[in-house]
Amino acid sequence: MRGARLGLLVAWIAVLALLGVLVATQLKVGTDLRSFMPAPTTPDQKLLMEQVGEGPGSRLLLVAIDGGDDAAKASLSRGLAQALRKDPAFTQVVNGDFDVGMLDSALLPYRYLLSPTLDTESFDEAYLADQLQQRLDDLGSPAATLLKGLLPRDPTLETLKLAERWTPVRSPEIREGVWFSSRGEALLLAQTRGAGFDPGAQEQAIGQLRAAFAALPGSGGSHLTITGPGYFTVMVNAQTRDEADWIGRISTIGFIVLMLAAYRSVSSLLLGALPVATGGLAGIAMLTVCFPEVHGITLAFGFTLLGVAQEYPIRLLSHRREGESAVASVRGLWPLLLTAIASACIAYLAFYASGVGGLKQLAVFTITGLLAAGFSTRYALPYLLPEHARDVAGMPGLAAFRTWLDALPRPRWLPIPIAAAVVAMIAFAPGPFWQNDLSALTPLPRDLLMTDARLRGELGAPDVRYLLVVQAKTADAVLTASAKLEPRLREQVVAKALDGFELPSIYLPDLATQRARQAKLPDRPTLDAALTAALRGLPFRKDLFAPFVDDVETARTAPLLTPEMFARSPLGQRLAAMLSARGDHWVGLSTLSGVHDAAAVAAAVASADPSARLLDLKEASESLVAAYRTRILHAVLAATLLLFVTITLALRSFRRAWHVLAPMTLATFLVLAVERMAGIPVSLFHLVALILAAGLGLHYALFFERDTGDPAEQRRTLHATVVCVIAALLVFGMLAWSSIPVLRAIGLTVALGVGFHFCLSILMAPHARQDRLH
Amino acid sequence: MRVLDKPLVVSGELAWLGGDRLERRVESPTKEVSTIADGEVTQEREGKKPRSFSLKRAPQLQVLLDSFVALLAGDPSRLGQSFDVTLGRDADRWRLTLTPRDARIAKQIAGIHVYGTGQLARCMRMDESDGDTSIDLLGDLAAKMPAEPTREGLIAQCGGAM
């Protein structure tokens, strides 16, 4: 017997090890938060999902350098910008440093096709003469040193016009040649190549940024402040991991202490852990089989939800009695346990029906895990447990507790006032009922958000809420539409509806515009003649402008500039961030800053070109969340109906089903009502947590309802339930202390739920009357 | 200037507005007012939008500003901060040679020579490192600007004040 038991134990551990190897070699953990967001349906929502993380605005890191005098900070800013411009992790770095080399020399002749000068002027004698006279004046002015070098190649100063055009409209104060905030920090904007909501890529980029800064001479005495969506992603990730770690540690210790106190047996503790371990590993193994990539959050939440499975071995351990083998105990318990397992699986099916990738994974994981844990509790664990066990029914105090509970008044009318109170609380609760704002779940410290808002304001960094979207068949059609938007948006800036804007056509005009400009460029003999005539009477050296004539000739005959060719220059990266191919069409995404009158801007955009529109990301995300919630509510409703049917069938009695389902339903609404009274708007995570709590509550009600006339068995039920309740309160009560809103929402809801479910299933259980009859 | 065949002549007034602020008012050939204040250079021309840029982008101007302000304020310690100063004397006449200390600035400005008599500075010559020279004839010397000036002639005229 002993040998068989040892063999089984070894076999079980071997199976676990095998699953472990499968998981370790096959599991690919993803970090894209979007798989935990609802599936988009409208075009706006689809764009929003693409935007979350990938759009130009969400890839911006805002950097402030503080400490030391202005000169030191400016030189650090310049050094950092120089280092990051060479780093492939960053597509764009701006710090206010004037950079004529923005167009590399191979593309320099293209300035005549990029600059709007030729739209209104032509390089004839009159224009050139006027320009040259102005340059002569410039040479006699303080700007001389600045312009002297440009003069031979660029007498009409197209490079400066382009630089001006490409400089953000609202830029911070320039000191020592770089941007400074009003608090005297040197400012810098860096755009990462990686998506803003990809913690891995962002962590690497931020690490490289910090390393580049630390490597600069004199950076020791200075302080680097980083903010922006990418930085927040990294922060949240680290914070979530840290908190989950310490909460997990404390919960584990508490759980071990609880199990030891409840069963006074180390072997029970260790063996009791096997079904949950089996469930967890089986769940992950199933995920690796069903999905190419498993989300990190699925695993974190999944193990939390799988906590329910710990109830199965607890039930078995508590219901053992002197002289009865564990196998016999589990046989007596099994019908009820099976009902509990089936109903929990049905509750978790609601996640699957939500249609959200991450939640589907969660459902697959928990359902597989629950079944594996349940069946291993039934068919493997009893054969491992020692022959003899201590009957917990004899535990001191338990009988007294049971008597006290039985003595509590259990009026049959109790559900009525509770239901009335629930309705009243929900009706009169302060604040909005639903939490539609996804960002409200951002677990960021307030001062961090304040810093972000301050730097964003100072830098004139784009508004994260609004986005200008142009969709067309080809990249060139997007550029054409974008060009039409430019004058309209300029009007909006003048009308103060808007502070500034970016458009892809500002960097690269469409082909037709380029062609028209090219056509206006004179050929070499014509330009030579016009230049000679224009130079008459001016003191410039005759051959001085040969590079200018060469460049014009190059621009006149060169192939037109396409986004692909432009991509090789540093500016091309900026364009690539705004212009991208999506399936069979192209999308231009431009950022706006300081939107004061969204309606006016939206109207101006829509009237300029039918393919363009203003996207309100907040609105899109709220509509997305609302749609998401409707789906979850439907799924919950369906799951509830299924539950009623299952329970009624399992108990073969409407009356008994009522005794199980009524306290569960009432407690669920009571949690909702109490949270609403506390002013907490209900978010998706609350709904998920309510389902989990309902699953737990259902177990309590099922076991309390169990019709046994045996007071010892009732004490065992009470013992098991109390252990389960304390375990759940321990785990979820700890989560309720978390600073991360998602974890707090789940922790608080489940902890409250467990409490209410326990109390109501006792107060509404039919046992009391029967006990008194005996 | 190397880019020009002949010297470029500009005339007008230069005013020190106190602190680090200079105003340069040009009367001919084109009316233009330039102000250097708070690290910014602002240029205003008739019928044109004002243009401004940071002083840091034109280190030559910063040097000019430093030397002018130090001279006008009679602040030898400030001159000493930015330049190696040598003084040559010949009876009443004097010559001050300023060489920038900062290597970055020295790349653009080879040196500044200020010529004067008694209490008055009469001419200022700035040699840029690329070979260009700018000469400011000050006070009554400005009236003696020849109609067809040459680079050599002007250098002699400026130095001739000594």
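**Exercise 1. How many helices and strands does chain A have, and what share of its residues is buried?**

Start with the secondary structure: chain A holds 33 helices and 13 strands. Here helices (H or I, at least four residues) and strands (E, at least two) are DSSP runs numbered from the N terminus. The model is predicted, so local features need pLDDT of at least 70 and side-chain atom pairs count only at pLDDT 80 or more, while totals for chains, interfaces and linings use all residues. Residues are numbered from 1 along each chain as its sequence is written, and chains are lettered from A and ligands numbered from 1 in the order in which they are written.

Next, burial: 48% of the 774 residues of chain A count as buried. A residue is buried if 20 or more other C-beta atoms lie within 10 Å of its own, exposed if 12 or fewer, and partly exposed in between, with C-beta atoms placed from the backbone.

**Exercise 2. Describe how α14(A) packs on α30(A).**

Take the geometry to begin with. Helix α14 (residues 326-353) and helix α30 (residues 684-705) of chain A pack at an angle of about 165°, with their axes 9 Å apart. Axes are lines fitted to C-alpha atoms, for helices over the stretch in contact, and angles run from 0 to 180 degrees between N-to-C directions. That makes α14(A) roughly antiparallel to α30(A), a label for angles over 145 degrees.

Then look at the residues. Among those of α14(A) in this contact (C-beta atoms, placed from the backbone, within 7 Å) are A:Leu336 and A:Ala347, and among those of α30(A) are A:Ile691 and A:Phe703.

**Exercise 3. Which residues have the most contacts inside the largest nonpolar core?**

Define the set: a nonpolar core joins buried Ala, Val, Leu, Ile, Met, Phe, Trp, Tyr and Cys residues through C-beta atoms within 7 Å. The largest has 153 residues, and those with the most contacts inside it are A:Ala347, A:Val660, A:Leu670, A:Val671, A:Ile691, A:Ala693 and A:Val750. Its largest share, 16 residues, comes from α30(A).

Zoom in on A:Val671: not counting residues up to four places away in sequence, A:Val671 touches A:Leu690, A:Ala693, A:Thr749, A:Leu752, A:Gly753 and A:Phe756.

**Exercise 4. How many residues does each chain bring to the contact of chains A and B?**

Chain A gives 20 residues and chain B gives 23 residues. On the chain A side, α6 (125-139), α7 (144-148) and β4 (173-175) each supply at least two.

Conventions. Two residues are in contact if their C-beta atoms, placed from the backbone, lie within 7 Å. Angles under 35 degrees count as roughly parallel, over 145 as roughly antiparallel, 65 to 115 as roughly perpendicular and the rest as oblique.
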